[in-house]
Amino acid sequence: MTNLGTYESQAGSDGSRLYLFSIVLVAVIGGLLFGYDTAVISGAEKGLQAFFMKSTDFVYTNEIHGFTCASALIGCIIGSMLSGMLASSLGRKKSLVIAGVLFFISALGSYYPEFLFFEDGEADFNLLIAFNIYRVIGGVGVGLASALCPMYISEISPSGIRGMLVSWNQFAIIFGQLVVYFVNFIILGTHENPVVKLIDGVNRIMNPDGALWAMEHGWRYMFVSEAVPAGLFALLICFVPETPRYLVSIRETNKARKILAKINGKDKAEEILENIKSTMTVKTEPIMTYGFLCLFVGIMLSVFQQAVGINAVLYYAPRIYADMGFDNPMIVTVFNGVVNIIFTLVAVFTVEKLGRKPLLITGSLGMAVGAAGVALTFGNDSLKLYCMLSIMIYSASFMFSWGPICWVLISELFPNTIRGAAVAIAVAFQWIFNWIVSSTFVSLFNMELTEGDGLGHWFTYALYGVICVIAALFVWRYVPETKGKTLEDMTALWKEKSGGK
């Protein structure tokens, strides 16, 4: 039976598939913004670096540039930590509205950080602080969306197609990254990106005349392009309903019944409503109510999703392909984005048939193979096509496994009464390890014992490959299969594991 067929069998004749899908379509715009915001820096960072290198009151070092490129991740950690509190106090819907507004403010502020307080086009340390504040604001939006969009979709969806619908959020994330790769490529057009080289201990721009437009305007247009989807999301999310699970938790049972009836039909709605009410005698419970293992599994899923190293590829793709010797790394980056989209769709259409665990284990092993291939071939010009293929295998394996399936599991793993807080903690760990991987990649990748020995190249990807194998073993041993289970079933599962009644 197909996923949609499963939905039809679960829903009554008066349940509306169109209503459900329209709600999910709006929610996944948040995922698109997540991908857009995190990937926009990949095209803008060279022009941004050259712009702040003009400053006369401080030296814009590689370390400062690395912090600036990763500053949004600070906001992501903050946003994910706040998501549980906001989701429980304001609800899922209002919290997503806040995320949309933050995306919009960040897009405009990153485009023109001089607004009100600084002189137009004058790069100095105060302007750099302002730019980073706007990026952190956007990061808070990403952190909120990363936790709340999967949670919202999970709580609104019937169990038979919940995994598929939550996986569409990951598709939207990757699609957002692909869109921004295209947008950056189009914005740059025939203009050159600055080439920055370290000469006598000082960064220098090697093509200042050819790169002037990208230095002054290109990076700004890349950031402001996000304002369009951000504004659309902030507007449309106002028209979707709150989730039935949250409504029951605040004793708005009649509202919850109406929404469930629209999605599932009246008869099925009553059955689902009773199941929800039976697990939500209180709005929240202490985070350790269902034992240490429940929270530990969620946290480690988040840790492994980042520790396998995927964002070292996604954030630095143009530079990696340039170092590999490709003449136009942006074209290869766009092609890599297309591959990512295709393999994310594999997860979308197989997660309810194959289950969560088989996809995670298979993807982990595929990533290990791809990482090993990169470690063995990077830096050898005659093998650069094999190296590119290895990166594609590594990336594609992530896209049908850890990319979408981690979000599916985190959104459905926890019992109703601790979901908001538990998801917030798990996603916070995800962004912390995202920052660790992103901030250590360049130094690891360039590590040398002797000049030109390429130690960092093979060691970095070999390390990621080993972590991928460990991740596969963890999933096999500790992660429960949630395929076909209702969110309320998870309460019984963790009670049993923790020895509760």
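These are my notebook entries on what I looked up in this structure.

**Entry 1: the model**

I am working with a predicted model. I keep that in mind for each entry below.

**Entry 2: salt bridges**

I began with the charged pairs. The structure holds 11 salt bridges. I looked up three of them.

The side chains of glutamate 155 and arginine 92 form one, at 2.7 Å from N to O. Glutamate 155 sits in helix α5, and arginine 92 sits in helix α4, residues 92-111. The two are 63 residues apart, so I noted this pair as a link between distant parts of the chain.

Next I took arginine 356 and glutamate 412. Their side chains meet in a salt bridge of 2.8 Å, N to O. Arginine 356 belongs to helix α15 (residues 356-377) and glutamate 412 to helix α17 (residues 402-413), so this pair ties together parts 56 residues apart in sequence. Arginine 356 is buried, with a relative accessible area of 0%. Glutamate 412 is buried, also with 0%. I then asked which residues are linked with this pair in a network of salt bridges. The network is made up of Arg162, Glu352, Arg356 and Glu412.

Lysine 277 is partly exposed, at 32% relative accessibility. Glutamate 274 is partly exposed as well, at 42%.

Helix α6 (162-188) and helix α14 (329-354) each supply at least two of its residues. The largest share is from α14, with five residues. I picked one member to look at. Valine 338 lies in α14. Valine 338 is partly exposed, with 32% relative accessible area. Patch residues need over 30%, so valine 338 passes that cut-off.

**Entry 3: the second largest pocket**

A probe the size of a water molecule, rolled over the atoms, shows where empty space is left. I looked up the second largest pocket. Its volume is about 290 Å³. It is lined by 14 residues, and those closest to its centre are Val24, Leu25, Val28, Trp168 and Ala172.

Which elements give two or more residues to this lining? They are α2 (17-52), α6 and α8 (227-236). The largest share, six residues, comes from α2. I also sorted the lining by residue type. The count is 14 nonpolar, no polar and no charged.

Leucine 148 is in helix α5, residues 125-156. It is buried, at 0% relative accessibility. I set leucine 148 against asparagine 264. The two are 116 residues apart in sequence, and their C-alpha atoms are 22 Å apart in space.

Leucine 82 lies in helix α3, residues 62-89. It is partly exposed, at 33%. I set leucine 82 against leucine 144. They are 62 residues apart along the chain, and 7.3 Å separates their C-alpha atoms.

**Entry 4: backbone angles**

Most residues other than glycine have a negative phi. I noted two residues with a positive value.

Leucine 116 has a phi of about 75 degrees, although it is not a glycine. Where does leucine 116 lie? It lies in the loop between α4 and α5. Leucine 116 is exposed, at 66% relative accessible area.

Arginine 251 has a positive phi of about 65 degrees and is not a glycine either. I found arginine 251 in the loop between α9 (244-249) and α10 (253-264). Arginine 251 is exposed, at 68%. Exposed means over 50%, so both residues count as exposed.

Conventions: Residues numbered from 1 in each chain as written. Predicted model: local features only at pLDDT ≥ 70, side-chain atom pairs only at ≥ 80, totals over all residues. Heavy atoms only, no water. Helix = DSSP H or I, 4+ residues; strand = E, 2+ residues; numbered from the N terminus. Buried < 20%, exposed > 50% of the residue type's maximum accessible area, 1.4 Å probe, protein only. 1 Å grid on protein atoms, 1.4 Å probe; cavity = no way out; pocket = protein on both sides within 12 Å on 5 of 7 lines; lining within 4 Å. Points joined across faces, edges and corners; volume = space filled by probe spheres on them. Nonpolar A, V, L, I, M, F, W, Y, C, P; charged D, E, K, R; others polar. Salt bridge = Lys/Arg side-chain N within 4 Å of Asp/Glu carboxyl O.
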